[in-house]
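Visitor: Could you walk me through how to read a few features here, starting with strand pairing?

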Amino acid sequence: MERSTIVRVHDGLHARPATRFVKLAKSFESDIELIKADKSVSAKSSVKLMLLGVKENEEITVRATGADAIEAIEALIGYLENPRSGTEEEGASSVETKSAEPTSKPQTALYSNETKAAGNMRGVAASEGVAIGPAFGFFPAEIKHENRLLGAGEISSEIARLKQAFAMVQQRMDKSLATNNLAESDRGIIAALKDIACDDELTGSARELVHGGIDAVSAVIGATSRIAADFASMDDPYLVARADDVNAVGRQICLALLGQDDANLDAVPAGAILIAEDIGAWDLARAPLRRIAGVICGHGGATSHVAIIARAHGIPAVLGLGRSVHALQNIKTVALDGNNGDVFADPDQATADRFHEQIGKAKTEKQALRAYKDIIPKRADGTIIEIAANLGSLEEIEAAQEAGAMGVGLFRTELLFMRHIHLPSEDLQAETYATLAKAFAPYPVIVRTLDIGGDKPISGIDFPDEENPFLGWRGIRMCLDRPDVFKPQLRALLRAAVHGNIKVMLPMVSGLDEVRATRALIEECAKELEAENKAYATFDLGVMVETPAAVMIAPMLAKEVAFFSIGTNDLTQYIMAADRLNPTVAKLNDVTHPAVMAAIELTAKAGVEAGIMVGMCGEAAGRPDLIPAFVGMGLTELSMSPSSIQRAKKCVLALGQVGDQEGK
Ligand code: PEP
Ligand code: MG
């Protein structure tokens, strides 16, 4: 069914009113279209709606098909006929947000690493192991204006060139969308990019610029920058983030015009060493990791998320090389030592032989460790020491199971939020957490609530510009300010708890009030689910101990939560006041520093005295040199990259404790 009306919304469906309209449309199940003149777009797509450009006093038709079509049309028409729609403030957040950057800012890294000798550099040892192989540079080219002024006779051929480039990019996107093996999240991203690549607004303005005598590359840069700037200036973070999409499409069209291919991780040959100045955690996570033998990067530190992904997949990595990484751009072979941070460009025969020998030894050692896969290590008093896995996505379940993980000690939910262009729905989250719980039952799966901040923003959350995001609005602080983001996650966790042994932990806790406020929200969510007749189960609530404040109040916290999990990555950076991503202060980021070890011991003591479980999920949990100390302090759970699990089990056994084989 459909109904037409004259739009009375003041200034039309620009920015905020458009966002609110889309939010309202999304609250209905029906398929809803908005029709203006002869153009119709989905009312649930902000991009399309924005580009439809609905103005005040224009005639618009709303068409809906589905079970709640009548209600949808009534609500949406009512919205369009109200001049004040979208201008009223909705539950203003307690946090002032400045205009969001459309793109995540490159980190201004300070690098102290110097080239030691020709072809020999040292960076931060970020993921253990050694590797040698063909160098694969990932250095996306910068696209520059051609700045050519066209003569009258050149214009029609330039228009044809432009048309061809647009068609090529659109076809490429269609081809990607037609493949069956595309993850739903990637499909959504590509579909959104294709919408932009086909949009008249973009094609039309680029064409217009060429008609005005500007070369096609400069015209595309001009058109995309203007549209991207329009999106970037909007006050809705979702729409602001679309500026990135417009720029990405513009880049693809320019490359097609220049006959160049973009840097693409799909082409990584087997056994290659990936070399980049910077690589996003999300780019790396979806790269063909099985083919990557090593990672070398200008940015990043030992506990950056790129390092964590590399470790999760057992890929040696050296990060934080700074600008000197560019010297590796044109080399053929590279060797890296993820244990000490050494990198050898085009190594001589003796060095190459040494690396091959070490790789052989590591393989043998790995094979020997397989004997520990099914061991269940116990303390002399019979208490099981759980050796669990840190995971960031469902794709990692298999590797964790193969390693012999006794559950999951940390499921980082950030990737789930980063890989979608919208915030993931409650249903999608419930399904994800339930899959995890089922995969590891009866072992526990500890899901960490969203731990995200301004250093890695996501679509759907408008982060303020912060001088120091690591000390800013992140983790539990952000979640409690944004119940619209937090509650769907808590509801999803309550629903998933029906399917296995789900436990939930809060990141970046620094006060009891944060735990209490979360508990109140959980109770509210449970009541809602009850009223909606949806199945749910309660779960144990714990906290990560990763701020000095949490350590200092650990005895009080221990009375209010079911468990502690010590996050040594952040705890080290906050105790030592040393940015975990800054290679210049990498030396200070040392978990073995007496100050950090004392903080761990204080936490363990408080937890043990209160009779709650104390675990650890920071990277230190997998270190064989530290495991004896942690077990001695009373930790009964150690969660780590799957590649470290078997060695950790061996290490606990070597403490002279007893160990059972799984199933005995
Ligand atoms: C930690 O801080 O130790 C931790 C496990 O969390 P993340 O590395 O994700 O900050
Ligand atoms: Mg942390």
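Visitor: How many bridges join strand β2 to β4?

Guide: Strands count as paired if DSSP finds at least two bridges between them. Here 5 bridges join β2 (residues 31–36) to β4, and the two run antiparallel. Glu33 has Arg63 in β4 as its bridge partner. Strand β1 (residues 2–6) also pairs with β4 (residues 59–65) in the antiparallel sense, over 5 bridges, with Arg3 opposite Val62. The element names come from DSSP runs numbered from the N terminus: helices are H or I with at least four residues, strands E with at least two.

Visitor: And what are the ground rules for the numbers?

Guide: This is a predicted model, so local features need pLDDT of at least 70 and side-chain atom pairs count only at pLDDT 80 or more, while totals for chains, interfaces and linings use all residues. Residues are numbered from 1 along each chain as its sequence is written, chains are lettered from A and ligands numbered from 1 in the order in which they are written, and side-chain values use heavy atoms, with hydrogens and water left out.

Visitor: Is strand β15 buried or exposed?

Guide: Buried means under 20% relative accessible area, exposed over 50%, and partly exposed in between, using a 1.4 Å probe and protein chains only. In β15 (residues 408–412), 5 of the 5 residues are buried, so the strand is largely enclosed by the rest of the structure. β15 pairs in the parallel sense with β14 (residues 386–391) over 3 bridges, and Asn390 stands opposite Leu410. The chain gets from β14 to β15 through helix α12 (residues 397–403), a right-handed β-α-β crossover; that is, with the strands pointing away from the viewer, the path from the first strand over the helix to the second runs clockwise. β15 also pairs in the parallel sense with β16 (residues 444–448), over 3 bridges, and there Val408 faces Val445.

Visitor: Which residues come nearest to ligand 1?

Guide: A residue is near a molecule or strand if one of its heavy atoms lies within 4 Å of it. Of the 14 residues around ligand 1, the nearest are Arg412, Arg448, Gly567, Asn569 and Arg580. For polar contacts, look for a pair of N or O atoms within 3.5 Å; within protein, one must be able to donate a hydrogen and the other to accept it, and residues adjacent in sequence count only if both atoms are side-chain atoms. A side-chain N or O atom of Arg412 is 2.8 Å from an oxygen atom of ligand 1, and a polar side-chain atom of Arg580 is also 2.8 Å from a ligand 1 oxygen. From Thr568, a backbone N or O atom lies 3.1 Å from an oxygen atom of ligand 1.

Visitor: Which element gives the most to that shell?

Guide: That's α20, with 3 residues. Gln573 sits in this helix and counts as buried at 4% relative accessibility. A polar atom of the Gln573 side chain lies 2.8 Å from the backbone nitrogen of Arg580.
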